[in-house]
Amino acid sequence: PVVKAPAPLLIAVAGVSLGQTYYVRVSFVNRAGQEGAASDVVSLQTIDRMQIVVSATGVPANAVGWNIYVGSTPGGVSLQNTVPMAPGTDWTLPALALRQGGSAGHGQTPDRYLVNDRTLQRG
């Protein structure tokens, strides 16, 4: 299983974006492509000519990548990367508009269900 991601680290650096508040969530992906639960939403307010850089923190040993969800409202974050990013790499807000990808999931779904089928033997 892939654990719920802790809150990412957000910093503002010189750039070309207009100032606004950005809301961010991250999640980890394992070798099988399964995505864990996304982190809680964190935010950073920037000023004009600044942009955000996001770093995933607390990467678990079984994670081979991470996804980033960014938006202008806490409930409106959407996936910004097309393939999971490698652990240790940072994501920088692009000069263009945010990508309108999928929404953050709630974590892994079960791979299988076990049925405890007990019957009493008589005889």
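The model is predicted: local features need pLDDT of at least 70, side-chain atom pairs count only at pLDDT 80 or more, and totals for chains, interfaces and linings use all residues. Residues are numbered from 1 along each chain as its sequence is written, and side-chain values use heavy atoms, with hydrogens and water left out.

E35 sits in the loop between β2 and β3. A second polar contact of its side chain, at 2.3 Å, goes to the side chain of S27. Beyond residues up to four places away in sequence, E35 touches S27, F28, V29, N67, Y69, G107 and Q108. Contact means heavy atoms within 4.5 Å. E35 is partly exposed, at 24% relative accessible area. The classes are buried (under 20% relative accessible area), exposed (over 50%) and partly exposed (in between), with a 1.4 Å probe and protein chains only. K4 lies 31 residues from E35 in sequence, and their C-alpha atoms are 9.2 Å apart.

The loop between β2 and β3 also holds G33. G33 is exposed, with a relative accessible area of 54%. Its C-alpha atom is separated by 14 Å from that of P87, 54 residues apart along the chain.

Four strands form it, in the order β3-β2-β5-β6, with antiparallel pairing. β3 (42-45) and β6 (78-79) stand at the edges; each has a single partner strand, so one side of each is left without a neighbour in the sheet. Strands (E, at least two residues) and helices (H or I, at least four) are DSSP runs, numbered from the N terminus. Two strands pair if DSSP finds at least two bridges between them. Strand β2 (residues 21-30) is joined to β3 by four bridges, and the two run antiparallel. T21 has Q45 as its bridge partner in β3.

S17 counts as buried, at 6% relative accessibility. Neighbours within four places in sequence aside, S17 is in contact with Y22, I47, D48, R49, M50, Q51, L93 and P94.

Technical notes: A polar contact is a pair of N or O atoms within 3.5 Å; within protein, one must be able to donate a hydrogen and the other to accept it, and residues adjacent in sequence count only if both atoms are side-chain atoms.
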